[in-house]
Amino acid sequence: MKIYISGAITGTTDYMERFAKAEKELTSQGYSVVNPAKVNAQLPEDTTYEEYMKMCFCMLDMCDSIYMLKGFDYSCGANREYGYALAKDMIIMFE
């Protein structure tokens, strides 16, 4: 099963560490993991918020499930991903 990690990025300083920790844990459980923090870090500096979100939805479409990190409910982007996953009837897991 392929799983997408979702959580707060904007306004946080430790998101790379939090996403990497979740990726390691989920991989050890046998999941194929899509870590948007790693992927989006490769985009040009002038990438807009909406362009990041478009990329995130493309990655989310590749997955069967979504893993919501603690604090996702304070993130506009993670809430958008959560709603998208609900609409797509994806498996939703929580940290």
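Strand 1 (residues 2–6) and strand 3 run parallel and are joined by 4 bridges. Helices (H or I, at least four residues) and strands (E, at least two) are DSSP runs, numbered from the N terminus. The model is predicted, so local features need pLDDT of at least 70 and side-chain atom pairs count only at pLDDT 80 or more, while totals for chains, interfaces and linings use all residues. Residues are numbered from 1 along each chain as its sequence is written, and side-chain values use heavy atoms, with hydrogens and water left out.

The open sheet is formed by 4 strands in the order 2-1-3-4, with parallel pairing; two strands pair if DSSP finds at least two bridges between them. Strand 2 (32–34) and strand 4 (91–94) are the edge strands, each pairing on one side only. On average, neighbouring strands of this sheet are turned by 30° against each other, direction ignored. In the pairing of strand 1 with strand 3, I66 of strand 3 is the bridge partner of Y4. Helix 1 (residues 15–28) packs on the sheet and touches strand 1, strand 2 and strand 3. The direction of helix 1 makes about 160° with that of strand 1. Axes are lines fitted to C-alpha atoms, for helices over the stretch in contact, and angles run from 0 to 180 degrees between N-to-C directions. Contact means heavy atoms within 4.5 Å. Helix 4 lies across strand 1, strand 3 and strand 4, and runs at about 145° to strand 3.

The largest nonpolar core holds 14 residues, of which Y4, L60 and I66 touch the most other members. At least two residues of this core come from each of helix 3 (49–61), strand 3 (65–68) and helix 4 (76–87), and helix 3 gives the largest share, 5 residues. A nonpolar core is a set of buried Ala, Val, Leu, Ile, Met, Phe, Trp, Tyr and Cys residues joined through side-chain atoms within 4.5 Å. Buried means under 20% relative accessible area, exposed over 50%, and partly exposed in between (1.4 Å probe, protein chains only). Not counting residues up to four places away in sequence, Y4 touches V34, P36, C56, M59, L60, C63, S65, I66, Y67 and E81. A second, separate core has 9 residues, including F19, A22, L26 and V33.

S65, one of the contacts of Y4, lies in strand 3. S65 counts as buried because its relative accessibility is 0%. Beyond four places in sequence, the residues touched by S65 are M1, K2, I3, Y4, M90 and I91. D89 is found in the loop between helix 4 and strand 4 and has a positive phi of about 55°, although it is not a glycine. With a relative accessibility of 69%, D89 counts as exposed.

The search of the whole structure finds 1 cavity of 30 Å³ or more. The largest cavity has a volume of about 40 Å³ and is lined by R18, K21, A22, E25, Y67 and E95. Helix 1 supplies the largest share of this lining, 4 residues. On a 1 Å grid over the protein atoms alone, a cavity is a set of points where a 1.4 Å probe fits but cannot get out, and a pocket is an open set with protein on both sides within 12 Å along at least five of seven lines; lining residues have an atom within 4 Å of a point. Grid points are joined across faces, edges and corners, and a volume is the space filled by probe spheres set on the points.

The largest pocket has a volume of about 350 Å³. Its lining comprises 25 residues, of which G7, I9, T10, N40 and Y49 lie nearest its centre. Strand 1, helix 1, helix 2 (36–40), helix 3 and helix 4 are the elements that give two or more residues to this lining. Y49 is placed in helix 3 and is partly exposed, with a relative accessible area of 35%. Not counting residues up to four places away in sequence, Y49 touches T10, C76, G77 and R80. Y49 and G77 are 28 residues apart along the chain, and their C-alpha atoms are separated by 9.1 Å.

Y52 also lies in helix 3 and, at 25% relative accessibility, counts as partly exposed. Y52 touches N40, L43, P44 and T47, residues up to four places away in sequence not being counted. Y52 and N40 are 12 residues apart in sequence and 6.8 Å apart in space, C-alpha to C-alpha.
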